[in-house]
Amino acid sequence: PSSNYAMSMDSTWAEQRRQNARLQAERLREREATESAQAAEYLRLFIGAARRNGLEPEPLHVRAGDGKQAKTPYRGWYLKADKSVAVGEDGKFYILTAPLTLAQRLRGVKPEPSPPTLILGKGGRDGEQIDLTEALTMRIPTWAEG
């Protein structure tokens with residue numbers, strides 16, 4: 001009888017842990033979605049400011065760790081000095097660092113857009129992070145006045 005009670009307590013405890021983990025994961029997804037929506041709004045304001053200020057979009061390139069690069073079909077504005085992230089003319093957010101094959105360097109690549117983030121470089125290996133609003137202000141000081 002006591003072993004059945006212990007097994008029951010173990011399964012209740014394990015189920016509670018699973019529920020807590022699911023709840024935490026859901027909260028994280030919700031927070032990331034909210035942050036991404038805010039970042040997308042900032043990018044929209046930035047694009048408007050870029051157009052008003054005559055800051056023309058430029059061709060975007062993907063860079064490999066060795067410094068080699070590949071063309072993309074996109075035009076937009078780089079958001080960091082190292083050109084690792086950009087916003088396209090259509091408001092999509094691109095992470096522009098990736099390993100590149102010789103064929104990709106010759107033919108070009110078509111990176112998939114990523115959900116925008118409020119911290120550029122978050123989780124990156126180089127440790128160089130910058131707040132999105134800071135990066136936008138460095139490009140166009142009046143971007144938020146939209």
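Trainee: Which residues in α3 are buried?
Mentor: Leu132, Ala135 and Leu136 are buried in α3. Buried means under 20% relative accessible area, exposed over 50%, and partly exposed in between (1.4 Å probe, protein chains only). Helices (H or I, at least four residues) and strands (E, at least two) are DSSP runs, numbered from the N terminus.

Trainee: Where do they sit around the axis of α3?
Mentor: They cover an arc of only 95 degrees around the axis, so they are on the same side of α3. The arc is that of the directions from the helix axis to the C-beta atoms. As background, an α-helix has 3.6 residues a turn, so residues three or four places apart point the same way.

Trainee: Before I go on, what kind of model is this?
Mentor: A predicted one: local features need pLDDT of at least 70, side-chain atom pairs count only at pLDDT 80 or more, and totals for chains, interfaces and linings use all residues. Residues are numbered from 1 along each chain as its sequence is written, and side-chain values use heavy atoms, with hydrogens and water left out.

Trainee: OK. What does Leu136 contact?
Mentor: Leaving aside neighbours within four places in sequence, Leu136 is in contact with Tyr42, Leu43, Phe46, Leu79 and Trp143. Contact means heavy atoms within 4.5 Å.

Trainee: And which residues touch the most other members of the largest nonpolar core?
Mentor: Leu43, Phe46, Leu79, Val87, Leu120, Leu132 and Leu136, out of 18 residues in that core. Two or more residues each come from α1 (2–52), β3 (85–88) and α3 (132–139). The largest share, six residues, comes from α1. A nonpolar core is a set of buried Ala, Val, Leu, Ile, Met, Phe, Trp, Tyr and Cys residues joined through side-chain atoms within 4.5 Å.

Trainee: What lies apart from this core?
Mentor: Another core, of eleven residues, including Val62, Ala64, Ala70 and Val109.

Trainee: Let's switch to β3. Which way do its residues point?
Mentor: Val85 and Val87 point one way, Ala86 and Gly88 the other way, and all are buried.

Trainee: How many bridges join β3 to β2, and how many join β3 to β4?
Mentor: Three bridges join β2 to β3, and the two run antiparallel. Three bridges also join β3 to β4 (residues 93–95), again antiparallel. Two strands pair if DSSP finds at least two bridges between them.

Trainee: What are the bridge partners of Val87?
Mentor: Trp77 has Val87 as its bridge partner in β3. In β4, the partner of Val87 is Phe93.

Trainee: What about the hairpin turns?
Mentor: The hairpin of β2 and β3 has six residues between the strands, and Lys83 there takes a positive phi near 60 degrees. Most residues other than glycine have a negative phi. Lys83 counts as partly exposed, at 29% relative accessibility. The β3 and β4 hairpin has four residues between its strands, and Gly91 in the turn has a positive phi of about 90 degrees.

Trainee: Zooming out, what's the overall pattern along the sequence?
Mentor: The chain follows α-β-β-β-β-α-β-β-α. That comes to three helices and six strands.

Trainee: Is the chain spread out or a compact globule?
Mentor: More spread out than a compact globule, because its radius of gyration is 22 Å, well over the 15 Å that the globule rule gives for 146 residues. That radius is taken over C-alpha atoms, and the rule is 2.2 Å times the number of residues to the power 0.38. The C-alpha atoms fill a box of roughly 80 × 45 × 25 Å, taken along the principal axes.

Trainee: What share of the residues is buried?
Mentor: Buried residues make up 27% of the 146.
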